[in-house]
Amino acid sequence: MALSIWESLAIFVAGIGAGTINTIVGSGTLITFPVLLATGLPPITANVSNSLGLVPGSISGAIGYRAELRGQGKRLVRLGVTSLLGGLAGAVLLLTLPSESFSTIVPVLIALALVLVVAQPRLAAALRRRQQAAGATEHPDGGPALHAGMLFSSAYGGYFGAAQGVLYIGLMGLLLNEELQRINAAKNVIAALVNGVAAVFFLFVAEFDWIAVVLIAVGSTIGGQVGARVGRRLPPNVLRVVIVAVGLTAITQLLLR
């Protein structure tokens, strides 16, 4: 499908916005996906094109957060394997299940993640006190509970991905003894892995629009660097406010679709 100059510009700008917000929080899909639909792309083609285009932005954001990634290599390998499996499963589901399958549960999941983000300091402290009282050792990568949550969240990420980052931050914030900025850095790497494996799968089995993919890719790469510059400067409480604001916007958009 041929895009006009103005449609191409709109997609490019949306890509910058999506790359920026994905690096800081997540939910960039809620910017690019409606724009792609407005240009006349069918929903599945728009979703696949969006997933492909946002991969460079996720990588760009992860590079921008490289200082906060130091010392998290082993954790990212373990969580990354789990997330890759979930992302691939989600990509398969996108091509086999109707979109309504996730539409009812996703807003509930995002709302739960927002509660975890807001209550994370108290919940995490209470969880660590309980572990210490029971004599249990703390899992450096969150243990089975986090892996199960990341598997499910990544399946959703491979399927659609709106507010995927909010789910990751909520889960890791509760189950990892880490600063919020380091959790956000890990989120960017895992999102890049999940989007990447879904993108590779889509390259071989799904229809997409190359022009839209390139426009979003270039825009999101720029946005990833902008998001890293902004996000790394935000104090934890301000970052939580941003996460909640984006999450509530995501819930509203998903309920109104």
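Is the crossing in which α7 passes α9 left-handed or right-handed? α7 passes α9 in a right-handed crossing. By handedness I mean that a crossing is left-handed if the near helix is turned anticlockwise from the far one by less than a right angle, and right-handed if clockwise. The contact is made by Met150, Ser154, Gly157 and Gly158 on the α7 side, and by Ile190, Val194, Asn195, Ala198 and Phe202 on the α9 side. Contact means heavy atoms within 4.5 Å. By class, this contact of α7 with α9 has 5 nonpolar, 4 polar and no charged residues. The classes are these: Ala, Val, Leu, Ile, Met, Phe, Trp, Tyr, Cys and Pro count as nonpolar, Asp, Glu, Lys and Arg as charged, and the others, Gly among them, as polar.

Before going on, the conventions. This is a predicted model, in which local features need pLDDT of at least 70 and side-chain atom pairs count only at pLDDT 80 or more, while totals for chains, interfaces and linings use all residues. Residues are numbered from 1 along each chain as its sequence is written, and side-chain values use heavy atoms, with hydrogens and water left out.

Now the geometry of that pair. Helix α7 covers residues 143-159 and helix α9 residues 180-205; they pack at an angle of about 50 degrees, with their axes 9 Å apart. That makes α7 oblique to α9. For the angle classes, under 35 degrees counts as roughly parallel, over 145 as roughly antiparallel, 65 to 115 as roughly perpendicular and the rest as oblique. Axes are lines fitted to C-alpha atoms, for helices over the stretch in contact, and angles run from 0 to 180 degrees between N-to-C directions.

Next, α8, residues 164-175. The axes of α8 and α9 come within 9 Å and cross at roughly 130 degrees, which makes α8 oblique to α9. α8 passes α9 in a right-handed crossing. From α8, Gln164, Gly165, Tyr168, Ile169, Met172 and Gly173 take part; their partners in α9 include Leu180, Ile183, Ile190 and Val194. The contact of α8 with α9 has 9 nonpolar, 5 polar and 1 charged residues.

Stepping back to the chain, the secondary structure comes to 11 helices and 0 strands. Helices (H or I, at least four residues) and strands (E, at least two) are DSSP runs, numbered from the N terminus. Of the 257 residues, 54% count as buried; buried means under 20% relative accessible area, exposed over 50%, partly exposed in between, with a 1.4 Å probe and protein chains only. Among contacts between residues at least 6 apart in sequence, 83% join residues at least 24 apart.

Ala91 is in helix α4, residues 73-96, and counts as buried at 0% relative accessibility. Leaving aside neighbours within four places in sequence, Ala91 is in contact with Gly158, Tyr159, Ala198, Phe201 and Phe202. Ala91 and Tyr156 are 65 residues apart in sequence and 8.6 Å apart in space, C-alpha to C-alpha.

Thr32 lies in helix α2, residues 29-38, and is buried at 1%. Not counting residues up to four places away in sequence, Thr32 touches Ala14, Gly15, Ala18, Asn50, Leu54 and Ile216.

Thr45 sits in helix α3, residues 43-64. Thr45 is also buried, at 11% relative accessibility. Beyond its neighbours within four places in sequence, Thr45 is in contact with Glu207, Phe208 and Asp209.
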